[in-house]
Amino acid sequence: MNYLIVGLGNIGREYADTRHNIGFMVADQLVKEANASFSTLKLAAYSEFKQRGHNVYVIKPTTYMNLSGKAMNYYMQLLKVPIENTLVIVDDLAIPFGSLRIKPKGSAAGHNGLKSIEALCGGQAYPRLRFGIGDNYPKGRQIDYVLGPFDPEEQKELPRLIDHAVKMIHSFVHIGIELTMTNLNTK
């Protein structure tokens with residue numbers, strides 16, 4: 001079986017450690033733990049590894065967030081990965097920092113990367129791992145918040161949370177989304 005893991009984020013140093021790039025951070029850790037590495041290919045940084053007989057492909061779109069669906073659709077077609085075997089790792093303002101939730105489908109909820117995926121990959125029925133970043137920002141400052149760095153207290157928690165997200169990805173590949181939701185979603 002083939003699986004495609006899509007870590008959302010923006011390329012460039014100025015975005016490297018921002019809340020909006022948590023998908024890239026999780027993808028980096030997943031690939032590092034697999035002793036694999038990324039190569040820059042068409043539309044994405046790409047990596048692959050085998051785990052328990054499964055082909056796991058990992059991409060970090062280089063299209064910028066707003067065109068993430070272009071890269072995801074390209075690799076789904078190229079690698080022949082069905083939509084139910086994809087997993088999008090995304091920052092989520094609607095859930096508190098520290099909350100990790102995997103779900104089989106859902107709306108874009110205003111997230112431009114997810115809007116692009118919906119438009120180019122066939123709607124809302126694709127699995128996603130929502131990494132809560134909270135909504136602790138003044139009215140009208142959402143863009144500054146998501147494109148800003150995690151605060152020092154959050155930075156202390158990030159390694160543990162990223163490790164848990166990687167564990168959720170492995171579970172998704174090995175036992176499926178339903179059991180992963182039951183066993184590993186956090187509040």
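Reader: What do the buried residues of H2 pack against?
Author: They pack against strands S1 (2-7), S2 (39-41), S3 (44-51), S4 (54-61) and S5, and against H3; contact means heavy atoms within 4.5 Å. Helices (H or I, at least four residues) and strands (E, at least two) are DSSP runs, numbered from the N terminus. This is a predicted model, where local features need pLDDT of at least 70, side-chain atom pairs count only at pLDDT 80 or more, and totals for chains, interfaces and linings use all residues. Residues are numbered from 1 along each chain as its sequence is written, and side-chain values use heavy atoms, with hydrogens and water left out.

Reader: Which residues of H2 are buried?
Author: Ser68, Gly69, Ala71, Met72, Tyr75, Met76 and Leu79, where buried means under 20% relative accessible area with a 1.4 Å probe, protein chains only. They cover an arc of only 160° around the axis, so they sit on the same side of H2; the arc is that of the directions from the helix axis to the C-beta atoms.

Reader: And just after H2, what does Lys80 do?
Author: Lys80 takes a positive phi of about 55°.

Reader: Now the largest cavity. Which residues line it?
Author: Leu30, Phe49, Gln51, Val56, Ile169, His170, Val173 and His174. A cavity is a set of points on a 1 Å grid over the protein atoms alone where a 1.4 Å probe fits but cannot get out, and lining residues have an atom within 4 Å of a point.

Reader: Which element gives the largest share of that lining?
Author: H5, with 4 residues.

Methods: Buried < 20%, exposed > 50% of the residue type's maximum accessible area, 1.4 Å probe, protein only. 1 Å grid on protein atoms, 1.4 Å probe; cavity = no way out; pocket = protein on both sides within 12 Å on 5 of 7 lines; lining within 4 Å.
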